[in-house]
Amino acid sequence: MNHVLRCSLILMALLTGSCAKNSIADPTGDTPTVVRKVTDYTFRKVVGSQMTLQFRTISFSDGGDTTTVVGSAYRYTVVDTGFMRTDGRRCLAIQRETITDGDVRFVDTTHQYTDGSQLITFERMTDTVDRRRLVEPVRVGTWFLYRDTFGNVESNRYSIVGVDVPIKTPLGTYQAVHVRMATQTPDSTGTRTFLDEQWLVPGMHIVLQRQTSQFVPINGGATSTSISEFFVVERSW
């Protein structure tokens with residue numbers, strides 16, 4: 001099955017069930033044999049451990065043409081396992097290097113912490129708005145708001161749709177928690193469907209993030225689909 005058809009079927013299935021706010025469409029994993037905790041899914045808690053994710057975009061047309069553009073790589077290095085933020089949160093500090101054409105072009109710092117029920121990421125040193133990546137209980141059907149300051153809105157609502165799901169990466173196959181968000185936005189020109197999916201692996205955090213955007217014009221013109229991905233390509237252990 002080609003990517004366009006597969007993405008279209010998934011998007012249709014998800015959005016058919018999205019009217020019921022508490023329904024979780026398309027569970028992808030069996031009941032886990034181990035009780036998972038959010039603390040399992042941070043980056044590896046060892047100073048100096050590294051992971052690298054690659055970014056790329058893939059675009060499709062109705063005619064079957066596919067265009068792939070490879071972007072920057074992002075190398076994450078754990079630099080502190082007990083960093084104290086100015087707001088009093090003790091967290092992991094992770095240096096992030098943006099690598100373009102083999103050269104490090106930008107360096108910043110991200111932070112992660114868990115409070116026993118949720119995994120939070122601050123994307124930058126100066127961030128005051130946190131991002132939820134996962135919450136407990138880690139099981140199919142649990143949902144959460146990505147940013148709670150934005151309120152209980154559909155575009156901010158993520159659900160766990162699989163636990164211990166096999167996910168293939170360039171480094172091998174891992175057992176991951178599969179988190180998903182789907183929205184649909186109609187306007188006078190057509191309908192845009194957006195799907196954000198993340199696969200988190202114990203001790204590695206996100207090994208794959210895939211964002212799929214599909215636009216169906218109201219005038220019967222060609223449907224356009226694009227996929228943006230971050231996927232793990234290297235680790236230090």
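This is a predicted model: local features need pLDDT of at least 70, side-chain atom pairs count only at pLDDT 80 or more; totals for chains, interfaces and linings use all residues.

Me: What share of the accessible surface belongs to carbon and sulfur atoms?

Reply: Carbon and sulfur atoms hold 52% of an accessible surface of about 12,000 Å².

Me: How many helices and strands are there in the protein?

Reply: The protein has one helix and twelve strands. Reading from the N terminus, the order is α-β-β-β-β-β-β-β-β-β-β-β-β. As for how the chain folds back on itself, take the contacts with a separation of 6 or more: 45% of them join residues 24 or more positions apart.

Me: How do I read a nonpolar core?

Reply: Think of it as a set of buried residues such as Val, Ile and Phe, joined through side-chain atoms within 4.5 Å. Here the largest nonpolar core has 18 residues, and Phe-43, Ile-167, Val-201, Met-204 and Val-207 have the most contacts inside it. Several strands supply at least two residues each, including strand 1 (50–60), strand 3 (90–100), strand 10 (190–201) and strand 12 (224–235). Strand 2 provides the largest share of this core, with three residues. Apart from this core lies another one, of 16 residues, with Leu-134, Val-138, Tyr-146 and Tyr-158 among them.

Me: Which residues does Val-207 touch, not counting those up to four places away in sequence?

Reply: Val-207 touches Ile-167, Thr-169, Trp-199, Val-201, Phe-230, Phe-231 and Val-232.

Me: Now for the empty space. How does one find it?

Reply: Rolling a probe the size of a water molecule over the atoms shows where empty space is left. In this model the count is two cavities of 30 Å³ or more. The second largest cavity holds about 30 Å³ of space. Its lining consists of Phe-43, Arg-44, Ser-49, Gln-50, Met-51, Tyr-76, Val-78 and Trp-237. That makes five nonpolar residues, two polar and one charged. Strand 1 and strand 2 each give at least two residues to this lining.

Me: And what is the volume of the largest pocket?

Reply: The largest pocket has a volume of about 490 Å³. Its lining counts 21 residues, and those nearest the centre are Tyr-76, Arg-96, Glu-123, Arg-133 and Gln-209. Strand 2, strand 4 (103–114), strand 6 (131–135) and strand 11 are the elements that give two or more residues. Strand 11 gives the most, with four. By type, the lining of the largest pocket has eight nonpolar, six polar and seven charged residues.

Me: Let's look at single residues. Does Phe-55 count as buried, or as partly exposed?

Reply: Phe-55 lies in strand 1, and because its relative accessibility is 21%, Phe-55 counts as partly exposed. Leaving aside neighbours within four places in sequence, Phe-55 is in contact with Val-70, Gly-71, Ser-72, Tyr-74, Ser-228, Glu-229 and Phe-230. For one of these, Glu-229, the C-alpha atoms are 5.6 Å from those of Phe-55, although the two residues are 174 apart along the chain.

Me: Where would I look for loop residues that pair up with something farther along?

Reply: Glu-154 and Ala-182 are 28 residues apart in sequence, with 8.1 Å from C-alpha to C-alpha. Glu-154 has 27% relative accessibility, so it counts as partly exposed. Another case is Gly-141, in the loop between strand 6 and strand 7.

Reply: Check the peptide bond from Glu-136 to Pro-137, which is cis, with omega near 0°. Pro-137 is in the loop between strand 6 and strand 7. Then look at phi: Asp-164, which is not a glycine, has a positive phi of about 55°. Asp-164 sits in strand 8, and because its relative accessibility is 16%, Asp-164 counts as buried. His-205 isn't a glycine either, and has a positive phi of about 65°. His-205 belongs to strand 11, and with a relative accessible area of 6%, His-205 is buried.

Key
Residues are numbered from 1 along each chain as its sequence is written. Side-chain values use heavy atoms; hydrogens and water are left out. Buried means under 20% relative accessible area, exposed over 50%, partly exposed in between (1.4 Å probe, protein chains only). Contact means heavy atoms within 4.5 Å. Accessible areas come from the Shrake-Rupley method with a 1.4 Å probe; for residues, only the protein chains shown count as cover. On a 1 Å grid over the protein atoms alone, a cavity is a set of points where a 1.4 Å probe fits but cannot get out, and a pocket is an open set with protein on both sides within 12 Å along at least five of seven lines; lining residues have an atom within 4 Å of a point. Grid points are joined across faces, edges and corners, and a volume is the space filled by probe spheres set on the points. Ala, Val, Leu, Ile, Met, Phe, Trp, Tyr, Cys and Pro count as nonpolar, Asp, Glu, Lys and Arg as charged, and the others, Gly among them, as polar.
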